[in-house]
Number of protein chains: 2
Amino acid sequence: MRMDSIVERIQPVDRAWIERAQAHIDSLTKPVASLGLLETLAARLCAIQETLMPRPEPRRVVIFAADHGVATENVSAYPAAVTAQMVANFVRGGAAINALAYAAGADVWVYDVGVAERCSPAEGCTTFVSRRAGAGTRNIASGPAMTKPQLDLAIAAGIEAGTRAADAGVKVLACGDMGIANTTAASAVTAALTGVSARCVTGRGTGVDDARLERKIEVVQAALRANADAREPLDVLRCLGGFEIAAIVGAYLAAASRRLAIVGDGFIATAAALIAVQLCPAVRDYWFAGHRSPEPGHAVQLAWLNATPILDLQMRLGEATGAALAMPLLTAAAAMSTRMATFAGAGVSRQV
Amino acid sequence: MRMDSIVERIQPVDRAWIERAQAHIDSLTKPVASLGLLETLAARLCAIQETLMPRPEPRRVVIFAADHGVATENVSAYPAAVTAQMVANFVRGGAAINALAYAAGADVWVYDVGVAERCSPAEGCTTFVSRRAGAGTRNIASGPAMTKPQLDLAIAAGIEAGTRAADAGVKVLACGDMGIANTTAASAVTAALTGVSARCVTGRGTGVDDARLERKIEVVQAALRANADAREPLDVLRCLGGFEIAAIVGAYLAAASRRLAIVGDGFIATAAALIAVQLCPAVRDYWFAGHRSPEPGHAVQLAWLNATPILDLQMRLGEATGAALAMPLLTAAAAMSTRMATFAGAGVSRQV
């Protein structure tokens with residue numbers, strides 16, 4: 001389905017359902033509001049699924065991988081070859097997200113949406129999908145990351161992934177990223193969309209030193225100058241983003257259109273959330289901030305989205321690792337709403 | 001087994017094991033330290049179990065319930081009868097901790113260590129245990145909460161619970177509390193042990209208003225005056241604590257002596273942690289701060305214990321609800337250490 005049709009189908013969550021869920025939660029045997037943020041999560045999950053007994057599973061993690069032309073600017077602590085090496089690692093099940101998704105009871109799908117070196121996983125691997133929009137983006141420091149047809153291909157890959165998840169009955173979706181140098185692209189996207197300076201939204205990524213951080217800030221500034229015409233969200237995405245960021249935008253839109261709960265991840269995935277919410281504000285109703293990353297730009301994104309993250313564990317890995325860790329909290333929120341007794345039912349006295 | 005023998009058996013965690021675990025974690029396919037606090041949890045779990053493949057289950061929640069004489073001072077938002085009503089609710093499986101323990105894959109045991117109204121659960125309920133040290137404590141505002149024999153009984157109940165968990169193969173234990181007015185006792189214990197003023201460690205508990213908070217502070221001050229002789233941890237526990245707090249101390253000691261990982265909870269359980277760690281500093285090696293409660297005294301306790309909580313969800317319920325929510329994070333930490341590939345094994349390039 002095309003993006004425009006998807007966006008048209010996204011319905012805001014009904015406020016009346018939030019209130020109904022909160023009234024139900026207030027009737028349960030615990031002091032009012034004593035479960036804090038867990039109650040907020042539960043109420044929204046109820047409203048998304050329009051039930052007081054929400055289901056937090058099945059759940060799925062989809063990782064989108066792509067390379068970035070800007071990696072040639074020496075902005076990352078890792079060589080660009082790592083993108084393809086990590087895709088192989090995802091497919092074999094050896095990466096952090098494989099371990100954390102396993103712990104969270106989520107399956108893992110891997111989409112190659114534009115890794116420079118073509119990935120060839122073992123035959124019969126049904127959770128690897130090749131939907132390449134190119135062999136990596138062009139260098140954003142000197143012009144647009146991708147063409148319009150490439151943008152459409154990358155978004156379509158994400159829409160496909162989100163739609164397949166919904167078709168498979170998935171209730172909670174997380175999207176992750178892999179792409180060496182993609183914090184540089186996410187910084188540029190975030191600066192362009194929020195108006196916050198490159199310096200304030202550029203951080204150490206997977207761990208660059210002071211000198212390379214300065215270099216990275218200069219590269220983001222150059223990218224913003226080279227693509228100064230980009231103002232609309234889709235133009236910002238095309239000129240400054242990456243194939244994996246575009247794919248996550250598509251997956252978020254498709255998931256929201258099918259009323260899936262979406263668990264956000266770190267800096268890259270939240271850049272995609274910014275774009276998706278600008279394209280369709282109702283997406284925000286389906287999106288939960290999974291965790292707070294130490295990347296300075298992530299705080300800017302979360303503030304823009306008015307989001308309180310579930311976790312704050314100083315994680316800065318991407319791959320949807322923060323989202324996977326947050327998934328059990330949604331399970332707990334659903335269990336609270338579904339399984340607890342009411343004051344009346346349990347014969348417990350209320351507040352005096 | 002008696003407390004003294006238990007304390008003698010508690011061994012500090014071997015620092016060499018922490019280092020071995022961290023070196024293993026650094027060899028896994030992710031940037032060094034990029035999983036933040038999760039790596040710290042994993043390293044400690046490895047060191048506790050002395051393996052690089054730690055097991056985060058089976059896990060158990062034990063709730064200790066007791067009444068408090070100080071409830072007659074009008075310090076709680078709930079009537080004292082709620083303690084017994086909630087015990088019945090725990091046994092029937094309708095409380096918040098039942099829902100959250102279910103979500104976390106933990107079983108739930110309930111110990112009556114001194115509820116005013118005797119609890120009589122349905123016949124055949126094997127996870128309810130009656131080990132009453134009395135029918136509630138005496139009012140701490142006018143003298144000691146309990147006698148020395150009562151203290152011994154309550155601690156012994158906790159030792160039994162911790163020992164039974166270890167005997168059943170439990171790897172991760174959480175202890176919860178139920179007792180109307182027990183934040184007043186925990187405030188008094190915390191003030192006495194840390195030297196921080198009653199005003200700074202007394203909060204709203206399950207939700208008292210401004211006037212009752214002032215009253216509660218005065219009651220804590222009166223309790224400290226009435227028991228000014230209590231200085232040693234066991235004296236503080238006997239004079240200002242509660243049967244459930246004493247039982248949690250016993251359970252923590254027994255769990256540490258059997259090398260179980262302990263997940264801490266909120267203000268009441270952490271008051272017990274303070275006492276257990278003063279009795280035997282090595283207990284701290286086995287104790288993880290599950291969450292941060294909004295109770296002001298909890299921040300004082302966590303600072304004293306030099307602990308970084310796993311979660312901060314503005315929860316203030318007790319019952320081990322914060323601990324149960326944190327348990328899946330230990331599962332994830334164990335999965336990271338156990339299931340991830342190494343850079344060498346996966347053929348992934350390291351940092352340049």
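Hi everyone. Let me start with what a pocket is: on a 1 Å grid over the protein atoms alone, it is an open set of points where a 1.4 Å probe fits, with protein on both sides within 12 Å along at least five of seven lines. Its volume is the space filled by probe spheres set on the points, which are joined across faces, edges and corners.

This is a predicted model, where local features need pLDDT of at least 70 and side-chain atom pairs 80 or more, while totals for chains, interfaces and linings use all residues. Residues are numbered from 1 along each chain as its sequence is written, chains are lettered from A in the order in which they are written, and side-chain values use heavy atoms, without hydrogens and water.

So, the largest pocket: about 390 Å³ in volume. It is lined by 22 residues (those with an atom within 4 Å of a point), and among the closest to its centre are Tyr102(A), Glu57(B) and Arg59(B). Which helix gives the largest share of that lining? That is H14(B), with six residues; helices here are DSSP runs of H or I, at least four residues, numbered from the N terminus.

Now the two chains. Chain A and chain B each bring 55 residues to their contact, meaning heavy atoms within 4.5 Å. Together they bury about 4500 Å², 65% of it on carbon and sulfur atoms; buried area is the accessible area (1.4 Å probe) lost on being put together, summed over both. Tyr78(B), Leu313(B) and Arg339(B) supply 13% of what chain B buries against chain A, more than any other three residues.

Key:
Helix = DSSP H or I, 4+ residues; strand = E, 2+ residues; numbered from the N terminus. Buried area = accessible area lost by both parts, 1.4 Å probe.
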